[in-house]
Amino acid sequence: VQLQASGGGLVQAGGSLRLSCAGSGGTISIYDMGWFRQAPGKDRIFVAAINWSGSNTAHADSVKGRFTISRHNAKNTKYLEMDNLKPEDTAVYYCAAGTGLSRYYSDYTYWGQGTLVTVSS
């Protein structure tokens with residue numbers, strides 16, 4: 001399974017972006033999916049996760065109420081809707097696939113290449 005993240009860009013604080021993660025080379029519908037982000041000089045941290053059916057989600061406290069993870073299995077794609085963006089959200093965002101609705105990057109098997117989100121103040 002290959003994952004391709006897209007949708008990053010430059011946005012002003014308070015703005016919105018929607019990230020997409022498309023799967024290829026196999027279906028991602030059987031996997032639990034996660035989003036992580038890594039700011040310059042910092043560790044990769046959990047942002048959000050969704051189980052294989054979309055019935056259960058988890059979001060980091062720092063993004064709760066602003067970001068929403070979703071998936072469209074028929075399109076082999078998942079999304080991260082990001083609203084009310086803040087400068088501290090600036091990072092490379094990575095999508096991942098694995099088993100288990102996990103907040104730990106070591107629990108994910110497949111990773112996309114990352115997409116850069118820059119939020120200006």
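This is a predicted model: local features need pLDDT of at least 70, side-chain atom pairs count only at pLDDT 80 or more; totals for chains, interfaces and linings use all residues.
Student: What makes cysteine 21 and cysteine 95 a disulfide?
Tutor: The cut-off is a pair of cysteine sulfur atoms within 2.5 Å. Cysteine 21 and cysteine 95 have an S to S distance of 2.2 Å. Therefore the pair counts as a disulfide. By this rule the count comes to 1.

Student: Where in the chain do the two cysteines sit?
Tutor: Cysteine 21 is in strand S3 (residues 17–24), and cysteine 95 is in strand S9 (residues 91–98). They are 74 residues apart, so the pair links distant parts of the chain.

Student: Why is the disulfide of cysteine 21 and cysteine 95 called right-handed?
Tutor: The torsion about its S-S bond is about 65°, so the disulfide is right-handed.

Student: Is cysteine 21 buried or exposed, and how do you know?
Tutor: Buried means under 20% relative accessible area. Cysteine 21 has 0%, so it is buried. Cysteine 95 also has a relative accessible area of 0%, so cysteine 95 is buried.

Student: How do you know that S3 pairs with strand S8 (residues 77–82)?
Tutor: Pairing needs at least two bridges. S3 and S8 have 6 bridges, in the antiparallel sense. Therefore they pair. Within this pairing, cysteine 21 stands opposite lysine 78 in S8.

Student: What joins strand S1 (residues 2–6) to S3?
Tutor: There are 5 bridges, and the two strands run antiparallel. Serine 6 has serine 20 in S3 as its bridge partner.

Student: Why is asparagine 76 called buried?
Tutor: Its relative accessible area is 14%. That is under 20%, so asparagine 76 is buried.

Student: Why does asparagine 84 count as partly exposed?
Tutor: Exposed needs over 50%, and buried needs under 20%. Asparagine 84 is at 41%, in between, so it counts as partly exposed.

Student: Which residues touch the most other members of the largest nonpolar core?
Tutor: They are Met33, Trp35, Val47, Phe67, Leu80, Met82 and Tyr93, out of 32 residues in that core. Strands supplying at least two residues each include S1, S3, S7, S8 and S9. Leaving out residues up to four places away in sequence, the contacts of methionine 33 include Leu3, Cys21, Ile69, Lys78 and Ala96.

Student: What makes glycine 114 buried?
Tutor: Its relative accessibility is 15%, under the 20% cut-off, so glycine 114 counts as buried. Glycine 114 lies in the loop between strand S10 (108–111) and S11. Not counting residues up to four places away in sequence, it touches Ala5, Val92, Tyr93 and Tyr94.

Student: How do you know that the radius of gyration agrees with a compact globule?
Tutor: With 121 residues, a compact globule would have a radius of gyration near 14 Å. The protein has 13 Å, which agrees. Its C-alpha trace spans about 40 × 25 × 25 Å along the principal axes.

Student: How many helices and strands does the protein have?
Tutor: It comes to 0 helices and 11 strands. Buried residues make up 44% of the 121 residues.

How values were computed: Residues are numbered from 1 along each chain as its sequence is written. Side-chain values use heavy atoms; hydrogens and water are left out. Helices (H or I, at least four residues) and strands (E, at least two) are DSSP runs, numbered from the N terminus. Buried means under 20% relative accessible area, exposed over 50%, partly exposed in between (1.4 Å probe, protein chains only). A nonpolar core is a set of buried Ala, Val, Leu, Ile, Met, Phe, Trp, Tyr and Cys residues joined through side-chain atoms within 4.5 Å. Contact means heavy atoms within 4.5 Å. The radius of gyration is taken over C-alpha atoms; the globule rule is 2.2 Å times the number of residues to the power 0.38.
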